[in-house]
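Student: I would like to go through this model and ask what stands behind each label.

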Amino acid sequence: TFADARGISPLVSASTSAALRGGWVRLARVSDRLRMILDITLLTKKLPAYDTVADAVIGTVKPPACKA
């Protein structure tokens, strides 16, 4: 899956909107490339990425680091 600023921007906006309402956005089953982009752009705290949907929903498991 390819992600660039056009794809990341709506995710950041969604996360910001959710946080203002007491919610959150967590990503699940993301590609290594997207995980690397999140790491490089320092967005891993705003958009945590988890290996599974269950882990993302629970949100207590520390998101894995980028494998690159």
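Student: Where does Ser-15 lie?
Tutor: Ser-15 lies in helix α1, a helix being a DSSP run of H or I with at least four residues, numbered from the N terminus. The model is predicted, so local features need pLDDT of at least 70 and side-chain atom pairs pLDDT 80 or more, while totals for chains, interfaces and linings use all residues. Residues are numbered from 1 along each chain as its sequence is written, and side-chain values use heavy atoms, without hydrogens and water.

Student: Why does Ser-15 count as buried?
Tutor: Buried means under 20% relative accessible area, exposed over 50%, and partly exposed in between, with a 1.4 Å probe and protein chains only. Ser-15 has 7% relative accessibility, so Ser-15 counts as buried.

Student: Which residues is Ser-15 in contact with, leaving aside neighbours within four places in sequence?
Tutor: Contact means heavy atoms within 4.5 Å. With those neighbours left aside, the contacts of Ser-15 are Val-25, Lys-46 and Leu-47.

Student: What makes a nonpolar core?
Tutor: Such a core is a set of buried Ala, Val, Leu, Ile, Met, Phe, Trp, Tyr and Cys residues joined through side-chain atoms within 4.5 Å. The largest one here has 11 residues, including Ala-18, Val-25 and Leu-47. Helices α1 (5-20) and α2 (32-40) each supply at least two of its residues, and α2 gives the largest share, 3 residues.

Student: Where does Arg-26 lie?
Tutor: A charge sits over a ring if NZ of Lys or CZ of Arg is within 6 Å of the ring centre and within 35 degrees of the ring normal. Arg-26 lies over the face of Trp-24, at 3.7 Å from the ring centre.
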